[in-house]
Each structure stands twice: as structure tokens, then as C-alpha cells.
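Have the viewer open while you read.

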Amino acid sequence: MPQIESMLLANHAEAHDGLLYLMGAGFSDVRQVVPFGQPPPPFHFGIGLSVLVGWNETNVRHHIVITLEPEDGGAVLLSAEADLEVGRPPGSVEGGDQRAVLAMTGEVQFAAPGGYRLLALLGNQRRSASFRVHHEVPPTA
């Protein structure tokens with residue numbers, strides 16, 4: 001079964017030519033300025049995934065599900081699904097793993113401060129990354 005090698009939260013993520021480009025990756029806290037009586041602003045973020053696919057799992061479609069939810073089990077804020085299929089490039093060493101990188105960007109509105117969790121499911125494998133959202137009042141003049 002393919003293996004989620006790494007999953008990182010970032011301010012921005014892109015995947016090009018088999019490489020993963022992350023900006024502002026690895027955060028554990030999101031700090032948002034929320035004026036009194038106003039809704040929190042949307043938060044732009046990225047997700048970077050690296051998946052190792054074994055030799056015998058190449059040329060087979062694998063389904064990935066990613067969700068973003070409050071740690072207390074509240075409603076899912078974001079859900080995305082993708083299919084991943086990795087082939088064997090010419091000249092591959094027999095038996096070698098293939099690495100695939102995936103990137104996703106989006107915006108979400110965190111209605112309340114607190115703990116949140118990003119989950120990735122690939123077959124029977126589960127990977128998670130937790131972070132905290134802080135709503136701060138703007139300084140007064």
C-alpha cells in the first residue's frame with residue numbers, strides 16, 4: 001500500500017515536475033486579527049503531501065481524502081478527494097519506490113479560535129497535523 005511520507009501545512013503550496021514548493025510551511029499557530037463585531041477573515045493556506053508508492057502499487061489508482069475539522073469533532077470545514085496514479089518511468093530500478101508529491105491550496109474561515117486538525121486518509125493509512133487558531137483584537141489607537 002502507498003505510504004504518506006510527509007504532510008505539511010503551509011501558507012502556500014505548489015507541485016511542479018515532481019517537486020513540492022512550500023512557503024511558510026510547518027506552522028502550529030494561526031493568528032488572525034478580528035475586529036469586534038466582524039467575522040474572522042478568510043485564511044489562505046496550502047497543504048503539501050509526499051507519497052511513496054511501492055513498485056507493485058504503480059500503475060494502480062489510489063484514493064486520498066483530506067479533511068479539515070475542529071479537534072473537538074465539530075463540523076468538517078473542508079473536504080477534498082483526489083486519485084493518485086504513479087507509473088514507472090523509463091530506466092527505473094526494478095523494485096524501487098516511486099515518490100509522488102501533491103499540493104493543494106484553499107481558503108477557510110475559522111469561526112472560532114481553538115484547535116483544528118488536518119487529516120489525510122490513503123487506504124487504511126491515516127496522517128494528521130494539528131494547529132491552533134487565535135483570534136486577536138486589533139490594537140486601539
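## The cavity and its aromatic surroundings

L9, F27, F43, F45, L68, F110 and F131 line the largest cavity. A cavity here is a set of points on a 1 Å grid over the protein atoms alone where a 1.4 Å probe fits but cannot get out, and lining residues have an atom within 4 Å of a point. This is a predicted model, so local features need pLDDT of at least 70 and side-chain atom pairs pLDDT 80 or more, while totals for chains, interfaces and linings use all residues. Residues are numbered from 1 along each chain as its sequence is written, and side-chain values use heavy atoms, with hydrogens and water left out.

What is the volume of the largest cavity? It comes to about 30 Å³, the volume being the space filled by probe spheres set on the grid points, which are joined across faces, edges and corners. The lining splits into seven nonpolar residues, no polar and no charged (Ala, Val, Leu, Ile, Met, Phe, Trp, Tyr, Cys and Pro count as nonpolar; Asp, Glu, Lys and Arg as charged; the others, Gly among them, as polar).

Now the rings. Across the whole structure there are six aromatic pairs, meaning Phe, Tyr or Trp rings (for Trp, the six-membered one) with centres within 6.5 Å; planes under 30 degrees apart are stacked, over 60 edge-to-face, and the rest tilted. Two of them look like this:

| Pair | Centre to centre | Angle between planes | Type |
|---|---|---|---|
| F43 and F110 | 6.0 Å | 45 degrees | tilted |
| Y116 and F131 | 6.1 Å | 25 degrees | stacked |

F43 sits in strand 5 and F110 in the loop between strand 8 and strand 9 (114-122), so their pair ties together parts 67 residues apart in sequence. Strands are DSSP runs (E, at least two residues), numbered from the N terminus. Y116 in strand 9 and F131 in strand 10 (residues 125-136) are 15 residues apart.

F43 and F110 are both buried, that is, under 20% relative accessible area with a 1.4 Å probe, protein chains only. Y116 is buried too, at 6%, and F131 is buried at 4%. Ring pairs join F27, F43, F110, Y116 and F131 into a cluster.

Three strands make an open sheet in the order 1-5-8, with antiparallel pairing; strands pair if DSSP finds at least two bridges between them. Strand 1 (3-10) and strand 8 (98-108) stand at the edges with a single partner each, so one side of each has no neighbour in the sheet. Seven bridges join strand 1 to strand 5 (residues 43-53), and Q3 stands opposite L52 in strand 5.

Notes:
1 Å grid on protein atoms, 1.4 Å probe; cavity = no way out; pocket = protein on both sides within 12 Å on 5 of 7 lines; lining within 4 Å. Helix = DSSP H or I, 4+ residues; strand = E, 2+ residues; numbered from the N terminus. Buried < 20%, exposed > 50% of the residue type's maximum accessible area, 1.4 Å probe, protein only.
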